[in-house]
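The structure comes before the notes.

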Amino acid sequence: MDLFDKCYSFTRVEEVKSIGLYPYYHPITETEGPVVYMNNQKMIMVGSNNYLGLTHDPRVKQAAIDAINKYGTGCSGSRLINGSLDIHFKLEEALAEFVGKEAACIFSTGYQTNQGALVPLIKKGDYIISDAENHASIIQGTLIAKSLCGDSILVKYKHNDMKDLEDKMSTLPLDAGKLIVVDGVFSMNGHIAQLPQIVAMARKYNARIMVDDAHALGVIGTGGRGTASHFNCTNQTDIIMGTFSKSLASSGGFLAASERVINYIKHHAPAIIFNASMPASNAAAALKALEIIQKEPERIEKLHYNAQQLRQGLTQLGFTVLPGETPIIPVLIGDDLKTFALWKKLFDLGVYTNPIIFPATPQGQQLIRLSVMATHTDEHINYVINAFEKAGVELNLLHTAV
Ligand SMILES: Cc1ncc(COP(=O)(O)O)c(C=O)c1O
């Protein structure tokens, strides 16, 4: 058997392309944020995590350009040795202060950031207690920890099910090290973690808590400070993780925690030690975006207003919109082909959405995931609603007559 046999026999892409429904890897040739161009066609982008629309803010762009002029385009080394710039430290201080922790450390991607916490913190005899719908980067970090410490370190609980969490926690040795890790806002369905109950459980069963706030920063909590702030339990949340690829208009990620924990991670995480540090332009863009978020809280209000308008419009049309309080708007379809067919109709009508199928969402929960930006106008939102109406009627997906 040749190693590449699996590649040659993988023909699903060609099959889906041949019926015109392949939804992935479509190149954007130009973008203004809420509006992008694909195939010379203008599209309203409602499939991006650019929640506050800051990737195209002239101040953010200028900060990145200035940083390139000052520091060059890359760091050519890891943070530990030659790759630490003063702007990395400035960004770490600003992030720690923003989320209300003593210290922070940054990583080159959000994806790596989760590994960056899990791999050095979890040792033989410790446990990772993980929500079943946590992000793939938490799962990958957990797989590395499992390969180092054994399969028994992972304890998975049913998504957002506090009874199941307690059932599982109560079977673990009280004196063992335990980390409950959870998405603050779940990326596919927009659910918010039940952090107050998790905090209570962590106290009762002697566990630490890590919250992945990729989709919560700049979105929920006081001034966009995330899930712990939303529930007023920042002090009881041990580690806050975030990415720069969503509200922070850049690329990279961070962990914020006590000074001792961050110091330990900075000296033990392979994801920092063996990885070239983040380019200055990324750090400068995130730092400027963070400054703007704090100065212009009205952006977060506009984001929620837009989300509310879109949710309401689609619900009134007769789509099954999963309830929620975040700018992630899941439109439940429940079948792969119908999901792709709706995605394609919307694409042809000039609306870019994300089709979500298994394993990103459980079987039967296939959906079209929409996410709004603060920089969408009323006209953009109405355009999207009208396109959904046309597509929904043509595909017979609406519950009620429109
Ligand atoms: C919940 C969550 N955590 C982590 C990540 C990884 O972040 P990044 O894409 O910035 O590397 C993502 C990205 O989609 C995410 O949704």
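Contact here means heavy atoms within 4.5 Å. The structure is a predicted model, in which local features need pLDDT of at least 70 and side-chain atom pairs count only at pLDDT 80 or more, while totals for chains, interfaces and linings use all residues. Residues are numbered from 1 along each chain as its sequence is written, and side-chain values use heavy atoms, with hydrogens and water left out. Helices (H or I, at least four residues) and strands (E, at least two) are DSSP runs, numbered from the N terminus.

**Domains and their interface**

- The domain assignment gives domain 1 (27–56 + 297–395) and domain 2 (58–295); such bounds come from an automatic or database domain assignment.
- Between the C-alpha centres of domain 1 and domain 2 the distance is 27 Å.
- In contact across the boundary are 24 residues of domain 1 and 28 residues of domain 2.
- The size of an interface is often given as the accessible area lost when the parts come together. Buried area is that loss for two parts, taken with a 1.4 Å probe and summed over both.
- Domain 1 and domain 2 bury about 2,000 Å² between them, and carbon and sulfur atoms give 63% of this area.
- Three residue pairs, both residues at pLDDT 80 or more, are in polar contact between domain 1 and domain 2. A polar contact is a pair of N or O atoms within 3.5 Å; within protein, one must be able to donate a hydrogen and the other to accept it, and residues adjacent in sequence count only if both atoms are side-chain atoms.
- On the side of domain 1 that touches domain 2, the elements giving two or more residues are helix 13, strand 12 (328–332) and strand 15 (367–371).
- Helix 13 supplies the largest share of that side of domain 1, five residues.

- Arg-299 lies in helix 13 (residues 298–317).
- Arg-299 counts as buried because its relative accessibility is 17%; buried means under 20% relative accessible area, exposed over 50%, and partly exposed in between (1.4 Å probe, protein chains only).
- Not counting residues up to four places away in sequence, Arg-299 touches Leu-52, Leu-54, Asp-57, Arg-59, Ile-292, Ala-374 and Thr-375.
- Val-181 belongs to strand 7 (residues 178–183) and is buried, with a relative accessible area of 0%.
- Beyond its neighbours within four places in sequence, Val-181 is in contact with Ile-128, Ile-129, Ser-130, Asp-131, Asn-134, Ile-138 and Met-210.

**Backbone features in loops**

- The peptide bond from Phe-358 to Pro-359 is cis, with omega near 10°. Pro-359 sits in the loop between strand 14 (354–356) and strand 15.
- Asn-206 is not a glycine, yet has a positive phi of about 60°. Asn-206 is placed in the loop between helix 8 (195–204) and strand 8 (208–212), and counts as partly exposed at 40% relative accessibility.
- Asn-232, also not a glycine, has a positive phi of about 60°. The loop between helix 9 (227–230) and strand 9 (239–243) holds Asn-232, which counts as exposed at 70% relative accessibility.
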